[in-house]
Structure formats: structure tokens, C-alpha cells
Amino acid sequence: MSITPWRGSEHGVPHLPPARPPRARRRLPGRLLPVAVAAVAAVALAPAASAGTAPSARFTPGAPGVGDPYFPGLGNGGYDVGHYRLDLAYDPGYDQLDGTATLTARATQDLSAFNLDLSGMDVEKVTVDGRKANHKRRGTELTVTPRHGLRSGTTFTVAVTYGGVPRTIVGSPIVFGSPYGFLHTEDGAYVGAEPDGASTWFPSNDHPSDKASYDFSITVPEGLGAVANGVPAEPRKGLASFSRRRAATKATTYGWHSADQMATYLATIDIGKWDVKTGRTPGGVPMYVAIDPEVRKLPAPGGVDPLDYYYDTTAKSTDLWVRTYGRYPFSTAGAIVDDARFNGEPLGFSLETNGKPVYSAIRPDRTIAHEMAHQWFGNAVAPKNWQQIWLNESFARWSNWYWTELQGGNTVATEARNTYNLHPADDPWWNVVIADPKRDTMFHNREYHGGAMVLQFLRERIGDEKFFKLLRTWYAQNAGGNVVTEQFTALAQQVSGQDLSGFFTTWLYSPAARRCPRRSADSARDGDFGLCGVGFRVMPASRSVGDARSMWGISMNGAPKGRWTLDHDGHRLEVETGRDGWHRSARLFVDGEQAGEKGGWILLAELPYGDLSVNVAFDTIGLVDGQAARCELAPPEPKDEQEEGDQEKPAKGAAEGEANEKGDEGEAGEEEKPEKIRFEPPEGSRAAKREELARRHPNLYASRHVVAATGKVVFGLLGVGLLVRMLIGLIPWPSVDLPEVDVPSIPWPDVPWPDVPFPDVTLPAWLKAVLATTKFWLPILIAAGVAMQEAGRRKKQRAKRGAQAEDAPADKARDEPDGEGAAETVRAEQREDGATGTGGGRPESAAERARGGSPRGG
């Protein structure tokens, strides 16, 4: 924007007229006084329109937010950004980021001032159209006041020179405590900024409703690389001055240009060492994949090079979504795979940054397909505000399921029914409303799996042809724009020709559980006739009969019996188990929110929970119905005290060892192990029945191991015998004529043995019966003896744990103040047998902090 200079000025700077000599003060004649008073009154009473020409009445400040219902202070009003130019220098040795962000924007109102979002960085100066502007900071708001007002509809540029150490956002309940934003890595940086992390590293209008194009210029020390959105320019080598270094040093500047319109949270710069592969997908989309050499050392699915794995999977999924949804929306596709960690722990999420999603490890192919589907739904077709997040995540999760189906896994219908079956009517999972999930639960599993389930039910309601036409039309009409739920529901009714208002009210706007729709057989695809409660899937003839994820071509999925539960350290822990074909699964919920999941060909699933772990063990019968046999909260293994440098603890440990030897001679010398806390099994499950048997008949319960082992051996031998007999009868054995061989006759000497008379002993009938049945009762007698020994050992262990539980509070009470010690003693007395002992403390953050990865990406 160019501002018209004030008359008599040069370059917009006013020139003052030359000073005049003072003139003698003149007195007004008395007859002119009324005229002067009237003139003053006329001016004072002039119409307000004349005052409207004053700048102060025309120009007003822009709003410090765009009115997002979940983030009222996010984004800014009064202007729309068209382009960002980020000239940055990053020094990993000091985590220092310095740069100038130049924004080209269009005023949408007459502006006297406007705001930018910037968190935690130091601002050196701000200019508007090349002229220095006043600025002030308040929280994450940077308020800029230009010298002159900015008229509505005009274009202006604002340049902010700033620097500092970008702050990583940690502990936010929005993403379950996972770190996000600008993350400092061992050799550089990793940026994943959804939803509000862009302002931690550059000043912006940080809201998805304001998209813009980008140019990046990133200077880093020699030996490092920088990857960003868009297409690369030729790197430039030379000397550069970094603010924390005394002298200039060798550096490389990397340029990236993104002509595509994207939201600020989708912008990324990733700095480190990279192995790069470029090319095009089979469908012709340009590709750029960069991977950290450390990640390349990890095993990838199929044993291939991780660089090739990411390149090939990204290319395959990109072409699939082009065929399914429409043309690829951006200039390049690809991936950025970094060895990204926070406090030494690998990050648990991936993010759909524009064109090239970011990953922090080797992820499953379905996760890559999920992030690439976001390029259509979430990036190109973007939400108008964060309340519409389901239009991002539900569509990408449905695409994830569709990808899995096309690779030979579960069909989308099966996944939808499995999702429904995992959540009974009283599950808090249903309380999250898909169309309005609220800020702290906007990335809840309900938005991912629940929304994808709704899309599948919609597909079954309107049919495949109209459903895929709906998705293609939704993308074609809204690519590059911002949308709300009401636009999608209206389009769905238009494309389908049906009244779907009741359907969407039930599934998108209602918090309660509802009846699962039944899929008719004639509309089922690929032999899938999923029914809620019990689903089954018939394999098509085109698929391999040896599909390991099915059982004789049919995968029986029964509804779960309930959840294992445990109240620990103020949190409600729940574990849900299930089965898909031969694969078992276990999901951990903390205070009703999913915090972890393990699945596959497993007999033991270990789910991390802060410093602790939840161990879920499956038995052989669990192969059929997916029920777990045991679920425990395991504390971390104790470390060697001497390694910790504590000089007092070894003596204390020795004293405790002596006390244990005196108090329990049979257990002398045994190493103390951290005690595990058992979960309460679901009511009516096999595990609950076993625990009831253990309480009522401990000896009989102890003998089950012997009975089970004996049964396995007996049935195994019987099975082998039957198999051998069957093979003997089925195999056509060849008839072999053996040659006749004359065996020489060898004369043996005739030895006269003495005739020793033995007494004639007649055994009583009862003894003969006992000896005749020895093969039956002897194993039973041995088993009973082993069972009694096992029962005695378990009884001894329970008594020992009870004694320790009684002694521990008393010892602690002596070491603590009276109030705390007495309270701890009361709490210890209230604990049930078998639930004493704790496991190393509560997790550092909320429920999903234990997840290690947010479902946000995968």
C-alpha cells in the first residue's frame, strides 16, 4: 500500500512552514464581539459529518481474535494475510532462532492498529510499508500501530524482526499433555504446530481460517540441512553471523517456495541431517522424501530401506486418493521423517503438515495413508474454526480404514462395527459430541474412530455410488476454502436425494449412545455382513485362503464382556480387550480417555502408563474370544542403589535383607521384587470366575496348573496318535519285496539252570484291584500332592505380603510427621489384600500423556 503524502511534504514526512515574526495583538471592537461568538457557536454546532473526516473517527483497531469458540484469542481481525516470507537463521548449538517475518496482507476494515500472534520471542523492531511502527506485547498478542491508518481493501506489508529460543508447548490437555510446536532435536528442530503452535516460532495470524502462501529462507550451520513446505531452491553456501556466536561461521541457506494456500499450523521447518529421495508417483505427482539417517537404521515393514518404505507408501497412497477424491491439491507430496525426541523420549504423533507430513519414527502404512488423506480433508478443505475438527480427523480415519481394506485387512464396515461394539451405552466415550467436541477433547478418539464410524453408516445409508460422489463433490467445491458441518450435511442431502436430518441429528449432534444400524446383505461389499454385537466377515474368492487375519474365511468378532478396572493414585484405569481374527488387542483408558493401544499376534501386551506399565496377558482360550486372563499394573524395576550414588540406602537395604532372613527362613536369599497391582476383572468373565474359585477353594484353584499341564500332555499325545493313525491309513505305502536272507544257525550251549521253588503267594482281591488301577490313581495322587504344595506356597506368599503391608505404614509413620504418618496408616489398613504396594508414582501428566502418541496423526 502507498500512502499519499501530506501536501507540502516529501516521502510522507510533513514540512513545517517557515516561522513568521510575531504580530501585535489586535483588540476586537465591541460591535464585532457578538459576531465572533456566533461564529464559534456555528462551528461547534456543525453537522457531525464534517467531523467524520478526522482520522481518529474513521480508523479503528482490529480485533485481537477471530471469534473461534474454542480459541477466542487465536487469530486476529481486520486483515487477511496473503503471503509470508520467513527469513530465518537457526543455531542448534544454542537453540536460537533469529529472523524477519514479512507479511503481505489486505485490510478488511479501516485499521488504526492490528495484532499478530507471537509467543515467547523477543521483538527487535516492526515496520509497516517500510516505516517504523509502534508495537507492544501483551501475552501472546503483538499489537502494531502504524504511523498512518490503513484503509479497508488496501494491501500493506508488515515486517517483524525477532529472535529467541522457541518454546515447546508441554502439558496442554488439548493434546493430552504431548509436547508440540517447535521441538528442539539433537541436531536441529522438528515442527508440528497443530493447533496453536505456529506462534511459538513466527509472528502470524494463527488461525486455520486465514490461509496464505509461503517463502522460506533458512540459514543453518554447515553440515546441516533444512526442509520446509513446497519445492526447494538451490542451496547457497557462505559465511553467516549467528546471534549467539562471536564470529561469522560457515553456513548454508536453504530456500523453499510454497505457492499453495495453507494454514499457519501446517507450516513446518525441520532442521538436521537428511537422506533425500525425489521423483514422481506413478500417477505423476512430484515427490520429496527426507529421512534422518538415525531413523533409517531402524527396521521397516517388509525389511526394506526405510527411505524406500516411506517413498513407496506415500506415492501409493497419494495416487489412491487422487483416484478416490480428485486431483492432488498441492505442488508436491512426500514425507519428513526425523529422529524427534522430547526429554529423551520419542514423540508419539505424526502431523499432516502441508505436502510433506512429519513423522518421528517408522509408522505403519495406514498412518501414512491417514496423513496423506489429510491433504484433501483438513489441508485443502479446511475447517472454518476448530469446532469443525471432525471434518479433518473423521475423514482421514475413514480413509485409513479404507486403505486397510484395500490392502486385504478388515473392511471399513467391520472396523465401524468394532468401534461401536467397543463402547457400551454407559461408556463416557459417547459423551463427546462429534460436531461440537469442546476444546479439551477436540482430539478425542470419538472424533477419529467415532466420526469415521458415522461416515461409514452414511455410506451404507446412501450407497457406495452416491457416497463417493459426495466425497468428490465436497472436495471439488471447497478445495482452498474453509467449511463448517452444516455445509457437509446439506451437500449430503443434495447428492443423496434423501432427508438425512434425523440421521445427522442422531449421529453428529447427540451425546448419548444409539442403536447401531444394521447393514443389509444386498448392500454389503466384499462379503461383509457386519452386525453390531456380533460381526462376521466372509472372505471373497479373490483373496488368499491363507489370510492370517481370518479363521476359515470367517472372522467372528464378539462384543466385549466389559473392562478390567483399577483405581490408582486418583485416576480410574480401565483395560478393554478384544480380538480380530488371530490378532488380539488391548486398549488402556484413563479417566474415560483412551491412553494406549496394543494389538497383533500377542500373548502379552504391555501398555505404558507414565513410569509404570499395564501388563495384559492372554491365555489360549483368549484366542477365540479375545478375553484376557490377567491384567496388572507393574511398577518400574528397582535400580541398583549404589549406582544412584546414595550412600545410606545400601545399609538400609542390608538391614532389610537381614530382617527378611530372620522373619522368613524359607524365603531367605530371595530378591525383593516390586509388587504388581491387579486389576478387577470384568463381571462374568472367565478371569472373574477364576478369582471367585481362588477365594472359595484355594487348594482346588492351585491344582489347576497341574491339571492343565496334564491335560495338554494327554491331549497332545492323543492328537499325535490320531494323526499318525490317520496318515497311516491315508498314505499309499509302496509294497516292497524284501530279499530272502539265509541266517546261519548258531548252536548255543545248553546251560542247566537250578530249579528254585518260589512260595505260592495269593494276593487279596482289593490289592489286585489297586495294582491293576495304578496307572489311573498314581498320576492323580502325584497331581494332588503338587497342588497341595502349590497351595501352601501361595498361602505363604499372601501371609508375607499381609505382614509387609502391616509393617510398612508403621515404619513410615515413624519417619513422617504425625499427621501424614497417621493418615498413611489408615489408608494402608483400608487396602484390600493383594492390592497393597504402589508402583512408582503417578504419571507426569493427564491420561493421554501415557499414550506416547496422540491419535492426532495415526
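Tutor: A nonpolar core here is a set of buried Ala, Val, Leu, Ile, Met, Phe, Trp, Tyr and Cys residues joined through side-chain atoms within 4.5 Å. Buried means under 20% relative accessible area, exposed over 50%, and partly exposed in between, with a 1.4 Å probe and protein chains only. This is a predicted model: local features need pLDDT of at least 70, side-chain atom pairs count only at pLDDT 80 or more, and totals for chains, interfaces and linings use all residues. Residues are numbered from 1 along each chain as its sequence is written, and side-chain values use heavy atoms, leaving out hydrogens and water.

Student: Which residues touch the most other members in the largest nonpolar core?

Tutor: Phe114, Phe156, Trp201, Tyr214, Phe216, Ile269 and Ile271, out of 76 residues in that core. Strand β4 (residues 79-91) supplies its largest share, six residues. Strands (E, at least two residues) and helices (H or I, at least four) are DSSP runs, numbered from the N terminus.

Student: What is Phe216 in contact with?

Tutor: With its neighbours within four places in sequence left aside, the contacts (heavy atoms within 4.5 Å) include Leu86, Trp201, Tyr254, Trp256, Met262 and Ile269. Another core, of 67 residues, lies apart from the largest one; Ala333, Phe377, Ala380 and Leu470 are among its members.

Student: New topic: α5. Is it buried or exposed?

Tutor: 15 of the 20 residues of α5 are buried, so this helix is largely enclosed by the rest of the structure. α5 covers residues 306-325 and reaches 28 Å from its first C-alpha to its last, close to the expected 28 Å. The expected span is 1.5 Å times one less than the number of residues.

Student: What happens at the start of α5?

Tutor: A side-chain oxygen of Asp305 comes to within 2.9 Å of the backbone nitrogen of Leu307. After the helix comes Gly326, with a positive phi near 135°.

Student: And the sheet with β37: what is the strand order?

Tutor: β35-β36-β37-β38, an open sheet of four strands with antiparallel pairing. Two strands pair if DSSP finds at least two bridges between them. β35 (604-609) and β38 are the edge strands, each pairing on one side only.

Student: Why call β37 largely enclosed?

Tutor: Because six of the seven residues of β37 (residues 628-634) are buried.

Definitions and conventions. Polar contact = N/O pair within 3.5 Å; in protein donor to acceptor, adjacent residues only side chain to side chain.
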